[in-house]
Amino acid sequence: MTQKTLPILMLAGALAVSACASKKEVLPAEAWQAAPAQPQPPIDQPGTVPAPEAVGSSALPGSQAALVAAAGADTVYFPFDSYALDEAARTILGGQAEWLVRNGNVRVTIEGHTDERGTREYNLALGERRANAAKNFLAAQGVDTGRISILSFGSERPAVDGSNEDAWARNRRAVTIVVTGG
Amino acid sequence: MMLRLLLLLWMAAPAAAQLRVDITSGTEAPMPIAVPTFPTGAGAATPAGNTLELGRQVASIISANLAGSGLFKPINAEAFPAPGMAEVGQPQFGAFRTAAAQALVTGFVTANADGTLTIGCYLYDVFSEEQLLRQGFTVTPAGWRRAAHKCADLVYSRLTGETGYFDSRIVYVAETGPRTKRVKRLAVMDQDGANHRFLTSGASLVLMPRFSPVSETLTYMSFANNRPRVWLYNIGTGSQQAVGDFESMSFAGRFSPDGRTLLMSVTRAGNADIYAYDVGSRRSTRLTNGNSIDTSPSFSPDGRRIVFESDRGGSQQLYVMNDDGSGAQRISFGEGRAGSPVWSPRGDLIAFTRIQGGKFRIAVIRPDGTGERLLTDSWQDEGPSWSPNGRVILFSRTERGGRSSLRSIDLTGRNDRRIPTPVEASDPAWGPLLR
């Protein structure tokens with residue numbers, strides 16, 4: 001305890017005693033006996049904090065989450081050195097197209113990516129083709145092409161770090177990103 | 001660069017000397033060469049350090065350059081006494097013969113009254129005792145390394161018959177951070193890794209920098225503002241300028257030999273075509289057309305033909321066309337794919353990336369499609385770039401798992417060596433010889 005706070009506490013104690021005294025005219029003698037020393041609680045006594053309140057996410061209309069909820073995914077995958085859309089990709093893009101038609105104010109960017117197994121220039125061009133293939137599919141489903149921009153990252157932004165078949169498969173992708181919501 | 005080069009003396013030796021390095025066979029053992037510390041008389045303090053120390057470092061730079069070429073084997077300096085000033089012009093050849101040196105590079109470093117340095121550069125045939133080279137360079141203290149590179153270039157040139165390449169720079173992409181969020185910055189350094197500088201902050205993804213052959217200008221690709229396109233960067237003034245006004249992505253920029261034209265790829269509806277952009281008038285001309293990926297264009301040294309890669313035949317292969325886009329002929333055949341071609345400054349070969357059996361390897365091929373040779377054998381070597389004399393190829397190597405570094409290899413396929421960089425590195429491009 002610091003020297004500064006000590007007199008203040010002593011004063012407070014004196015006031016408490018006098019207030020006590022004013023209520024009781026006569027104090028029993030034993031009240032003046034020294035109280036047995038109480039063990040001081042440790043300063044770092046373990047305390048408990050309630051668990052954080054749960055915050056769930058809700059897919060707001062016109063958001064990325066809403067797109068994923070409606071279409072099942074924002075990402076479609078491609079075979080090696082190909083920009084062909086397989087059945088799974090067409091199903092997802094079909095869902096994205098329906099959602100985009102319903103949410104007419106949403107604009108999206110489709111990002112095209114490749115795995116690392118290509119030269120730098122070729123990968124940029126292949127990523128562009130993948131993004132464009134996804135864009136053309138959405139357009140064929142009735143989405144105005146003016147709402148879709150494309151951006152190729154080539155092999156510069158892999159989703160997964162790794163030099164194996166599984167990583168490559170997950171990196172050959174086109175991702176539909178909501179840029180302005182409805 | 002603040003540099004003044006003065007020709008002090010030039011005494012080309014008569015052609016009697018037979019001392020010569022055979023650079024074509026790729027089989028000969030490197031030539032043993034002595035490069036003792038350059039003497040300085042009384043040492044003098046300069047802004048670049050004491051001339052005694054500079055004499056040691058100049059010899060060390062020359063030695064490292066010559067060793068790095070793979071054509072010379074510098075002899076340990078402890079094998080002979082360091083010459084004094086008087087011995088620069090009249091060496092004690094016996095000691096160098098005993099050390100089994102065939103050639104001797106010596107010289108001096110002196111501080112001048114006007115604040116400049118003079119670095120003398122001498123070359124001798126140790127056996128015939130003939131002087132093959134004697135030239136001085138006067139430089140500002142900041143330019144002393146260039147004088148050492150110039151000396152090494154003269155020695156290389158005198159002994160091989162080829163132009164040197166040591167007084168030159170490399171631009172490349174410095175890489176840091178995890179691969180999913182890689183930070184890429186432009187960086188430039190001397191050919192030996194000295195004078196390293198970062199040119200961009202890393203805020204924007206940058207790729208494929210290349211020097212103009214004639215000016216202090218780079219071209220590179222930047223994703224600034226999520227608008228991937230080709231830029232010009234004047235490294236003297238720091239000014240930058242986006243190239244053209246394309247709606248879509250532009251990439252793979254490369255200058256013509258005269259620096260006036262920039263070839264690049266521009267995408268439209270998912271397809272990449274090759275354009276020629278006139279740097280002066282800022283007008284662009286489309287050179288290829290069709291539903292294929294046409295990219296990686298590179299001019300022949302006479303500027304009349306262009307090698308590029310295209311998948312028009314079904315897979316990525318090399319083609320040569322005229323400078324107006326006419327007459328495209330496929331030149332790469334055989335197993336696998338071929339990409340990122342670049343024409344040698346000598347004109348006789350095209351270096352490229354051969355993709356075959358799951359490997360990416362550096363290869364060369366003649367412009368008519370004959371004589372393909374693989375030079376490297378690794379997991380992923382790509383993006384070749386020629387030394388100014390067309391003898392050495394710089395490229396980037398990515399190991400399985402992602403670590404990337406710069407390497408160089410001799411045209412003969414020998415001397416595969418790492419180029420030191422402070423962080424991981426890719427997309428190297430060799431600049432022209434400095435002037």
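Just after α4(A), A:G142 adopts a positive phi of about 105 degrees. The model described here is predicted.

Helix α4 of chain A covers residues 120–140.

Chain A as a whole contains five helices and four strands. Read from the N terminus, its elements follow the order α-α-β-α-β-α-β-α-β. Chain A has 182 residues, and 34% of them are buried. Among contacts in chain A with a separation of 6 or more, 71% are between residues 24 or more positions apart.

| Helix pair | Axes come within | Crossing angle |
|---|---|---|
| α2(A) (residues 64–71) and α3(A) (residues 87–102) | 8 Å | roughly 125 degrees |
| α1(B) (residues 51–68) and α4(B) (residues 144–160) | 9 Å | roughly 45 degrees |

In chain A, the axes of α2(A) and α3(A) cross at roughly 125 degrees, which makes α2(A) oblique to α3(A). The crossing of α2(A) past α3(A) is right-handed. On the α2(A) side the contact consists of A:L67, A:A70 and A:A71, and on the α3(A) side of A:I92, A:G95, A:Q96 and A:W99. Five of these contact residues are nonpolar, two are polar and none is charged.

In chain B, the angle of roughly 45 degrees belongs to α1(B) and α4(B), and these helices are therefore oblique to each other. α1(B) passes α4(B) with a right-handed crossing. α1(B) contributes B:L54, B:V58, B:I61, B:I62, B:N65 and B:L66, which meet B:W144, B:R145, B:A148, B:H149, B:C151, B:A152, B:V155 and B:Y156 of α4(B). By class, the contact of α1(B) with α4(B) comprises eleven nonpolar residues, two polar and one charged.

The contact between the chains involves 18 residues of chain A and 29 residues of chain B. On the chain B side, at least two residues each come from β9 (206–211), β13 (250–255), β14 (261–268), β17 (294–299), β21 (337–343) and β25 (380–386). The side of chain B that touches chain A has 14 polar, ten nonpolar and five charged residues.

Technical notes: Residues numbered from 1 in each chain as written. Chains lettered and ligands numbered in written order. Predicted model: local features only at pLDDT ≥ 70, side-chain atom pairs only at ≥ 80, totals over all residues. Buried ≥ 20, exposed ≤ 12 C-beta atoms within 10 Å, placed from the backbone. Contact = placed C-beta atoms within 7 Å. Nonpolar A, V, L, I, M, F, W, Y, C, P; charged D, E, K, R; others polar. Expected span 1.5 Å × (residues − 1). Axes fitted to C-alpha atoms, helices over the stretch in contact; angles between N-to-C directions. Parallel < 35°, antiparallel > 145°, perpendicular 65-115°, else oblique. Left-handed = near helix turned anticlockwise from the far one by under 90°.
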